[in-house]
Amino acid sequence: MAKSTKKETLDKKSESESKGIKSWKLTKQHRIVFGALLVLFSVALLAAFVSFFIYGQIDQSAVSELTDRKEEVQNWLGKFGAYLADLIIYRGFGIASFLFVRLFFLTGMYLVLGLSVKKLKGTWFWDLFAIIIISVLFGFFATSVPVLGGTIGYELNLFIQDYIGKTGTLLALIFGLIIYLIFKIQVSPEKVQSFFESTKKEISEDRAESAMAVTANEPSYNLEEFAVEEPVEEEDEELLDNIHLKTVNSQFEINKEALKPTISSASEINLEPTLKPLPMDILPPKEEPVKDEAFVIEKAVEEDIIEDNLASRLVSDFGLFDPTLDLSNYKYPTIDLLKEYSSGGITINQEELEENKNRIVETLRNYKIEIAQIKATVGPSVTLYEIVPEAGIRISKIKSLEDDIALSLSALGIRIIAPIPGKGTIGIEVPNKNPTMVSMKSVIGSAKFQEAEMELPIALGKTISNETFVVDLAKMPHLLMAGATGQGKSVGLNAVITSLLYKKHPAEIKFVMVDPKKVELTLFNKIERHYLAKLPDTDDAIITDNAKVVNTLNSLCVEMDNRYNLLKDAMVRNIKEYNEKFKSRKLNPENGHRFLPYIVLVVDEFADLIMTAGKEVEMPIARLAQLARAIGIHLIIATQRPSVNVITGLIKANFPARIAFRVSSKIDSRTILDTQGADQLIGRGDLLYSNGNDVVRVQCAFVDTPEVEKIVDFVGSQKAYATAYLLPEFVGEDGGVNLEMDISERDTLFREAAEVIVNAQQGSASLLQRKLKLGYNRAGRLIDQLEAAGIVGPFEGSKARSVNIQDMASLDQFFNNEN
């Protein structure tokens, strides 16, 4: 029987290894090597092609004699280069073959830089399309120079002409060029029209400038030429009036009163006109061209979507201990269990972007703030307008206009980032009129999440630039989520839990769930024996009674102390080093060592716990937050009441990672994030994530209740452990044990345990675990029995129990008296 079981295990292992071979993937080293090979090959291909057009005729006879070592060629890549060039250019696509050099070079660089090669699919398609079109074009026009179109281009041209003639072939080639221009270069009639209009405008402006230059260079006339030496008659007054009208355009006016004769000075009439400058506003104002800001619309880069869950491809290293062997046939949830709520792409409303841009510029100009450049980055629910102000503009002045810009845009949730960290720009976040829903499927299937090399990766959603936002819970190390009612906290918790279910095996992570609402986390009851942890002798793994939360939190503190003892014995500093050492079989399970899964405590409504339990809850939470990071216990706490008596200073100091959904006031925002901004969010999953100084705006991924039900049904239908992961038993100060325990109910190792305790003069369950090679639950029961017998004292928190019997002689006397 044992042999057959062993054989089945080996067969399963070989089957899993064969599956792993089928789904083999390029490692980073393989990508670099293969990419470098393609880059160097493209350079070699370029050298061969260029030298072909120089020495091609000389090497023509040597191409067929490649095996003859005495045959000499002039190609820079030798005989192989001569053969390649002849094959690809002369017998291939002609001069269009140079595009192959570009394709190989780009593919190699993408591999070397670690970029996704899938992004080059469009480039490969359109370049190959261009190679065929160019080859046939040269085959059509340059029949006298066959090397330009190549044999393929020439033959394709003749083949097409046999069916549709020369005119039809020419029309087909023109149609191919139109397809390339429209879809690849994205030339449209509007762009062509705007080009001609801008050219026409430039020509007219050049003409106007040249006309002005000619006018400026005309000779100016001296008005003294119009002086009259004879007495002025009435007819001369009309003449002067005409002179006045003609000289208005010269920006001067003739004073006619000085020209009129008087009785006293009739013989001394001065006919020289007195000139005075005209007001400048008489001239028609010169129209200055309005400065048009450089408005750039940044399109979101479409991320690669991976259809299957890469976590299911993991194969354990041979020779190491595999903690997943108990559930070796466990299958990770598939991505098709999640629903796609949208097409996946973001629709850019050009009219809306232009309208918002113009309103922002107009509002700032009303306050004498000029803009040098403005750029729009469109996100799922918010568009970020990055502006570069002119020199000399104070940032605080723009920051103070937040409400004015919101008024001009008629939008709720305007947020100004002045300046954007790491950039020399100022950001204005404006909600989209038609936001795009971010589905959980799109973020779980993204390459950024699937290929994330993190201990506990969490896909929260997508940023303003439409990039999947993935963070590591193990590095946070604890997460505080807060926001007003109905703004997305419960959906955010489901997104966090779903991310971990898609990446971690049941042997690697356990959840302790506290749900005072009794309806939010109960969906996960079906995976109790896979992923949940609970206290012994507890019916439900998900805690809905606040009275039981205190015992659970204190039990986690006991688990934390036990794990630190294991790390101390193993001489390691954190859970990752400990598990690696245990997998390498350097730690003996007979000495109490075991594989330690991560434990994630999820509390859905923390404010309700504070109201009912107060300090009894706050103290163990603070203690876990301070110490539990190194041994793999992480806390996720959510609350809808972000007040200072709920999120106290003691808790905030140990929760550097915080998520704020929309709140009602700036005070609540500062309570959560230590800065304002959460009061300007638009709700429905719009959140701010902070892990230190930087604040990132993210649209949380939406995962609906039916999707969660599908996932837990998929996991719950598989083979599971016998029970949920059992936490250490905890007995409070008022709990105690039955001091009148029957002697017949004592454990068979009771006397041995008593001797160990008396010899060490230290009453602790961990000591019994190490000395008697027991599990923690049995060691805990033995401690309770020793307390009932009076050998050890009562529970004193994290301290070891006192020992009431001092030596072995007294212990023997104790047992003799009992008999």
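Biologist: Why is Phe 98 called partly exposed?

Modeller: In this predicted model, Phe 98 has a relative accessible area of 27%, and because buried means under 20% and exposed over 50%, Phe 98 falls in between and is partly exposed. Phe 49, at 0%, counts as buried.

Biologist: What makes the pair of Phe 49 and Phe 98 edge-to-face?

Modeller: Their ring centres are 5.5 Å apart, within the 6.5 Å required of a pair, and their planes stand at 75°, which is over 60, so the pair is edge-to-face. The pair links distant parts of the chain, with Phe 49 in helix α2 and Phe 98 in helix α4, 49 residues apart.

Biologist: How do you know that Trp 126 is buried?

Modeller: Its relative accessible area is 16%, and because the limit is under 20%, Trp 126 is buried. Trp 126 also belongs to one aromatic cluster with Phe 125, Phe 129, Tyr 180 and Phe 183.

Biologist: Why is Asp 472 said to have no salt bridge?

Modeller: The nearest side chain of opposite charge, Lys 475, is 4.9 Å away, and a salt bridge needs a distance within 4 Å, so Asp 472 has none, although Asp 472 is buried.

Notes:
Residues are numbered from 1 along each chain as its sequence is written. This is a predicted model: local features need pLDDT of at least 70, side-chain atom pairs count only at pLDDT 80 or more; totals for chains, interfaces and linings use all residues. Side-chain values use heavy atoms; hydrogens and water are left out. Buried means under 20% relative accessible area, exposed over 50%, partly exposed in between (1.4 Å probe, protein chains only). Lys and Arg count as positive and Asp and Glu as negative; His and the chain ends are not counted. Rings of Phe, Tyr and Trp (its six-membered ring) pair if their centres lie within 6.5 Å; planes under 30 degrees apart count as stacked, over 60 as edge-to-face and the rest as tilted. Helices (H or I, at least four residues) and strands (E, at least two) are DSSP runs, numbered from the N terminus.
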